[in-house]
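Me: I have a model open and want to go through it with you. Can we start with the charged pairs?

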Amino acid sequence: MINSFLSLALSPIIDSFSSRNLAESFPATTNPSLNSYSCFWLPSQYRQYRFLPVFVSNAYSENNALLTGASPKAMVALLEGMGADAIGVNCSFGPKGLSKVVKEYLKYASVPVILKPNAGLPKVENGVTKYDITPQEFAQECKALVMDGVRVVGGCCGTTPSYIEALYDATNT
């Protein structure tokens, strides 16, 4: 049954010649485990595609843990134990708010660390969703974590091309 499901789920990814599998925004330990299972225990007809890198990131709450209570240290052990090629954090509550979690990943991880935070927490003003971190603040906060050792950096919810441009400029000077 699992192999049938995996064949259906993975066929579009593999058939489109994906260059990587990025699984993100997991709030619990079981979600990335199932994704990693699907990538590492491929049905026989897809095993030749295991060369594709697997990146996994989790969304943390303000208490620096997943919804299940798992710590960054526990997630590093779990994800590296499953063979992920890069691991990290995404979304949550902005780069500054994720700083402590990212530093825990950097302390324990032996694979590249990913940072893809959102632009802060969304607020609706006059029917328009706005985020509380400017592109420049976002870029500078991410840059500090890149300087600490983050190797894959980008943006999640609320980040527009202006955020990514500011991030590119900040990390390439």
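Me: What does K130 form a salt bridge with?

Reply: With E125; the closest N and O atoms are 3.8 Å apart. E125 is partly exposed as well, at 40%. A salt bridge here is a side-chain nitrogen of Lys or Arg within 4 Å of a carboxyl oxygen of Asp or Glu.

Me: Before we go on, what are the ground rules for this model?

Reply: It is a predicted model: local features need pLDDT of at least 70, side-chain atom pairs count only at pLDDT 80 or more, and totals for chains, interfaces and linings use all residues. Residues are numbered from 1 along each chain as its sequence is written, and side-chain values use heavy atoms, with hydrogens and water left out.

Me: Fine. How many salt bridges does the structure hold?

Reply: It holds 3. Another one joins K123 and D132, at 3.6 Å from N to O. K123 has a relative accessible area of 42%, and D132 has 40%. Both count as partly exposed.

Me: And what does K103 pair with?

Reply: D148, with the closest N and O atoms 3.9 Å apart. K103 lies in helix α4 (residues 95-108) and D148 in helix α5 (residues 135-148), so the pair ties together parts that are 45 residues apart in sequence. Helices are DSSP runs of H or I, at least four residues; strands are runs of E, at least two; numbering starts from the N terminus.

Me: Are those two ends buried or partly exposed?

Reply: Partly exposed: K103 is at 43% and D148 at 44%.

Me: New topic. What's the overall layout?

Reply: The chain has 6 helices and 7 strands. Along the sequence the pattern reads α-β-α-β-α-β-α-β-β-β-α-β-α. Of its 173 residues, 44% are buried.

Me: Now the inside. How many residues are in the largest nonpolar core?

Reply: 26. Residues with the most contacts inside this core include Y60, M75, I87 and V89. A nonpolar core is a set of buried Ala, Val, Leu, Ile, Met, Phe, Trp, Tyr and Cys residues joined through side-chain atoms within 4.5 Å.

Me: Which element gives the most to this core?

Reply: α4, with 4 residues. Elements giving two or more also include β2 (54-58), α3 (72-81) and β3 (86-91).

Me: What does V89 touch?

Reply: Its contacts include S57, N58, Y60, L98 and V102, not counting residues up to four places away in sequence.

Me: Last one: N118. Where does N118 lie?

Reply: In the loop between β4 and β5 (122-125). N118 is buried, with a relative accessible area of 4%.

Me: Which backbone oxygen does the N118 side chain reach?

Reply: That of S92, at 2.6 Å. Leaving aside neighbours within four places in sequence, N118 is also in contact with residues including C91, F93, F138 and T159.

Methods:
Buried < 20%, exposed > 50% of the residue type's maximum accessible area, 1.4 Å probe, protein only. Contact = heavy atoms within 4.5 Å. Polar contact = N/O pair within 3.5 Å; in protein donor to acceptor, adjacent residues only side chain to side chain.
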